[in-house]
Amino acid sequence: MTTLPTHTKKKLGLVIDLDTCVGCHACVVSCKGWNTENYGAPLSDQDAYGANPSGTFLNRVHSYEVQPEAGPAQLIHFPKSCLHCDDAPCVTVCPTGASYKRVEDGIVLVNEADCIGCGLCAWACPYGARELDQQEGVMKKCTLCVDRIYNENLPEEDRQPACVRTCPAGARHFGDLGDENSDVSKLVAERGGVDLMPEQGTKPVNKYLPPRLKDDYTNTGDIDILAPLLEPVAPDAKGILGWLDKALEKL
């Protein structure tokens, strides 16, 4: 079994803004692309265009409709990947030592050369963040793009996880959550960032920023719910639009 480090020099991780995520899956696509072409064995797909496709992904986005205690219902897009927990049960349960947590930055990784594909780590993870690659027979998980963030051959702005670099909504943030003065730590403090399933006691490094309550205009008079039925501002169209309108009326 693998022993967890008593402390790590850094706690690199992600902060995900559930209020900003639009569920576009750009992070899923970029993660699949980068990790198929670079670190470790490729992320395989089985019968990708058939009736029963399956494949390995390190990051997935789930969508849920929720009803807050106050205000209208909301559609929440929920990205999920490895949370690089301080007390990671996936590491301590590994019989070969393939799963381990790095002392220098706290990233949880899998040494694929030692992985036997037993699946114990997937059973131990309460978040379902590990997937067995059926083609390679090894366990896969988010690496925080460890081959990007330390790659000095890349421009500085690209030395962050592919999902963070790609997110068009700016919903994903990367940094050292062990440093109280880091941008991600300040963001968590300002927005009341939370752990996922804290009752599990895994002490996840990744944090989620809760969605803000949406404004309810139904009873304030600020927005007329009959607005789509109002008369147009310019009832008499001119020019080519006027000609087209008259021509359509004769049909």
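Student: Is Tyr-208 buried or exposed in this predicted model?
Tutor: The model is predicted. A residue counts as buried under 20% relative accessible area. Tyr-208 has 5% relative accessibility, so Tyr-208 is buried.

Student: Which residues touch the most other members of the largest nonpolar core?
Tutor: This core has 37 residues. Helices and strands both give two or more residues to the core, including strand E1 (12-17), helix H1 (26-37) and strand E5 (74-80). The residues that touch the most other members are Ala-88, Ile-107, Tyr-127 and Tyr-208.

Student: Which residues is Tyr-208 in contact with, leaving aside neighbours within four places in sequence?
Tutor: Among the contacts of Tyr-208 are Lys-80, Leu-83, Gly-193, Val-194 and Leu-196.

Student: Why is the pair of Phe-78 and Tyr-208 described as stacked?
Tutor: The structure holds one aromatic pair. The ring centres of Phe-78 and Tyr-208 are 4.8 Å apart and the planes lie at 10°. Planes under 30 degrees apart count as stacked. The angle of 10° therefore makes the pair stacked.

Student: How many residues apart are Phe-78 and Tyr-208?
Tutor: Phe-78 belongs to strand E5, and Tyr-208 to strand E11 (residues 207-209). The pair links distant parts of the chain, and its two residues are 130 residues apart.

Student: Is Phe-78 buried or exposed?
Tutor: The cut-off for burial is under 20% relative accessible area. Phe-78 has 15% relative accessibility, so Phe-78 counts as buried.

Student: Why do the buried residues of helix H6 line one face?
Tutor: In H6 (residues 183-191), the buried residues are Val-184, Ser-185, Leu-187, Val-188 and Arg-191. An α-helix has 3.6 residues a turn, so residues three or four places apart point the same way. Seen down the axis of H6, the buried residues line one face because they fall within an arc of 160°.

Student: Which elements do the buried residues of H6 pack against?
Tutor: The face of H6 turned away from the buried side carries the exposed residues Asp-183, Ala-189 and Glu-190. The buried residues of H6 pack against E1, strand E10 (172-176) and E11.

Student: Which residue just after H6 takes a positive phi?
Tutor: The phi in question is about 70°. The residue, just after H6, is Gly-192.

Student: Which residue lies over the face of Trp-34?
Tutor: Lys-32 lies over the face of another ring, that of Phe-57, at 4.1 Å from the ring centre. Over the face of Trp-34, at 4.6 Å from the ring centre, lies Arg-148.

Methods:
Residues are numbered from 1 along each chain as its sequence is written. This is a predicted model: local features need pLDDT of at least 70, side-chain atom pairs count only at pLDDT 80 or more; totals for chains, interfaces and linings use all residues. Side-chain values use heavy atoms; hydrogens and water are left out. A nonpolar core is a set of buried Ala, Val, Leu, Ile, Met, Phe, Trp, Tyr and Cys residues joined through side-chain atoms within 4.5 Å. Buried means under 20% relative accessible area, exposed over 50%, partly exposed in between (1.4 Å probe, protein chains only). Helices (H or I, at least four residues) and strands (E, at least two) are DSSP runs, numbered from the N terminus. Contact means heavy atoms within 4.5 Å. Rings of Phe, Tyr and Trp (its six-membered ring) pair if their centres lie within 6.5 Å; planes under 30 degrees apart count as stacked, over 60 as edge-to-face and the rest as tilted. A charge sits over a ring if NZ of Lys or CZ of Arg is within 6 Å of the ring centre and within 35 degrees of the ring normal. The arc is that of the directions from the helix axis to the C-beta atoms.
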